[in-house]
Amino acid sequence: MKRKGAFNLTRVVLAAFFLFAAVLPLLGMFSQLASPGASEVFGTEQFKTACLNSIGVSLTSTVISLALALAMSWVLCRTNIRAKGVIAVVMTLPMLIPSLALGMGLVFLLGSNGVITNALGLDFSLYGFWGIVMGSVLYSFPSAFLLLYDVLKYEDASPYEAADVLGIPKVNQFLSITLPYLRKPLISAVFATFTLVVTDYGVPLMVGGKTTTLPVLMYQEVIGLLNYNTGVAIGFVLLIPAVVAFLVDVLNADKGKLSFVSKAFDIKRNVARDAIGYVAGIVASVAILLPLGSFVLVSFVRKYPVDLTATFDNVGRALNMNVGDYWINSIIIACAVALIGTTLAYFAAYVTARLGGRFAKMLHLVCITTLAIPGIVLGLSYVLFFKGSLLYGTFAILILVNLVHFFASPYLMAYNSLGKVNENLEAVGSTMGIGRGSILKDVLIPQTTSTIIEMVGYFFVNCMVTISAVAFLSTTLDMPLALLITDLDAQRLTECAAFVSLIILITNIAFKLVLAGVKKAIDRTGSPSASAA
């Protein structure tokens, strides 16, 4: 009875958490749409222009990102080039840094006084529509790449072998076999990429110039003018593509389970194809590494771009401006969210994947619904709902908003892993007098350790780079390091802003390496017992 009561308590805690942390703030925010100030926003010329800019930028960026992601996935899965693992890691590096920093990196390279602009004497203006597209592609490409690469590398080679025997040309094979196989992942990638771009304000804020997008307009109105009516109206519009993406992803989900072992591709030697693969890999890697590498250059010069003399003075200047304190703020928030979020997400996944019932189905829907809430919308809803409460202006509200913002993906990781374990395990344990708690502790958690480590990494890295969810909620005392980039850039302390970006990148890389080391250590210690069993 005690064990049953413990699991019932878990259900109550999870239900209360989502009601308090997600449902009520959003309902409170959108209840203000009925106010005259909010409804009038939709008719303004400023709103219409920003809306058209957002749609144009997002559509263009989505098409380019998906084309590049598909090309690089093909290069890594269908050619014989070397260092595929290294290239795959490089493709995901932009995920380890805020979108603000990616926009700033482009300014360092292609701005009016950019390194490449000056070196080649280019008459090129980065600021505006195409600048936002370039930054948005850099920002959204890693997500699109991972979605397609993870599917393509497990594709079955048998249909292609049969097509070769029948003499079907490669182009027809791609159109008739590859594209139908990728249809569902491509649809998911289209909506996920579009949503990622349309709700981001970091890149447009840095390189947008006079081209204003909806998130930038929302940021300027709420942060600069404290105009919450405009923020609520724009937040409602930004929620629409995210909800559509969520519904398409749910309806598009492949419910079938693979009951066969797919045959791996035997990639034959082809000099021309592999040469194209090497060129594509090198060009893509350089395009990603250059903006990130620019932080190193700018961080350690006296005054960019006037005086490029090497110096460590910027490190001291940054530390004098309490960069170390803001870094500690980010570490505290990221560690707290990683610990609490992983625990909540794992237990939520256990309830939905292993216990079953009506509550489990409802909880699963609520858990994945958080995917449909853009960070900037969630942040504004927290301002309106929690203002004046004990939580407002504290670390607790920053931890809470990040928990909700990033909850869905780690939850799905745990849900999928727990769902793969024999569904009769608890029933067998019950007949032997073994409780669910013991099975969870001694069987399920050890079997899903790798997933738990991935969940921790996801929460931590995203908390370090996020700007949207916390922009409206942080104060000078608890501000995360990523938000300092905007302040330093506004004060023309470019070198210090670059150094802050570099700190975030190094922190995330170091944390990823630590997690990889922990995973290897667990695998090594676990292998002897596994073999003995």
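Trainee: How many cavities of 30 Å³ or more are counted here, and what makes a space a cavity?
Mentor: The count is one cavity of 30 Å³ or more. On a 1 Å grid over the protein atoms alone, a cavity is a set of points where a 1.4 Å probe fits but cannot get out. The model is predicted, so local features need pLDDT of at least 70 and side-chain atom pairs count only at pLDDT 80 or more, while totals for chains, interfaces and linings use all residues. Residues are numbered from 1 along each chain as its sequence is written, and side-chain values use heavy atoms, with hydrogens and water left out.

Trainee: What is the volume of the largest cavity, and which elements give two or more residues to its lining?
Mentor: Its volume is about 50 Å³, where a volume is the space filled by probe spheres set on the points, which are joined across faces, edges and corners. Lining residues have an atom within 4 Å of a point; for the largest cavity they include N53, S136, D200 and P215. Helix 3, helix 7 (129–152) and helix 9 each give two or more residues to this lining, and helix 3 has the largest share, with four. Helices (H or I, at least four residues) are DSSP runs, numbered from the N terminus.

Trainee: What makes the second largest pocket a pocket, and which residues lie nearest its centre?
Mentor: A pocket is an open set of points with protein on both sides within 12 Å along at least five of seven lines. The second largest pocket holds about 740 Å³ of space. Of its 22 lining residues, R78, K170, Q173, F265 and R273 lie nearest the centre. Helix 9 supplies the largest share, five residues. The lining divides into ten nonpolar, three polar and nine charged residues: Ala, Val, Leu, Ile, Met, Phe, Trp, Tyr, Cys and Pro count as nonpolar, Asp, Glu, Lys and Arg as charged, and the others, Gly among them, as polar.

Trainee: Why is S73 called buried?
Mentor: Buried means under 20% relative accessible area, exposed over 50%, and partly exposed in between (1.4 Å probe, protein chains only). S73 has 0% relative accessibility, and therefore counts as buried. It is placed in helix 3. Leaving aside neighbours within four places in sequence, S73 is in contact (heavy atoms within 4.5 Å) with F145, L148, Y149 and L152.

Trainee: Why is Y346 called buried, and why is L477 called exposed?
Mentor: Y346 has a relative accessible area of 5%, so it is buried. Y346 lies in helix 15, and its contacts beyond four places in sequence include A414, L440 and M455. L477 stands at 73%, so it counts as exposed. L477 belongs to the loop between helix 22 (449–465) and helix 23 (484–490), and it touches N329 and F395, not counting residues up to four places away in sequence.

Trainee: What makes a set of residues a nonpolar core, and which members of the largest one touch the most other members?
Mentor: A nonpolar core is a set of buried Ala, Val, Leu, Ile, Met, Phe, Trp, Tyr and Cys residues joined through side-chain atoms within 4.5 Å. The largest has 154 residues, of which M91, F145, F295, Y382 and F472 touch the most other members. Helix 15 gives the most to this core, with 15 residues.
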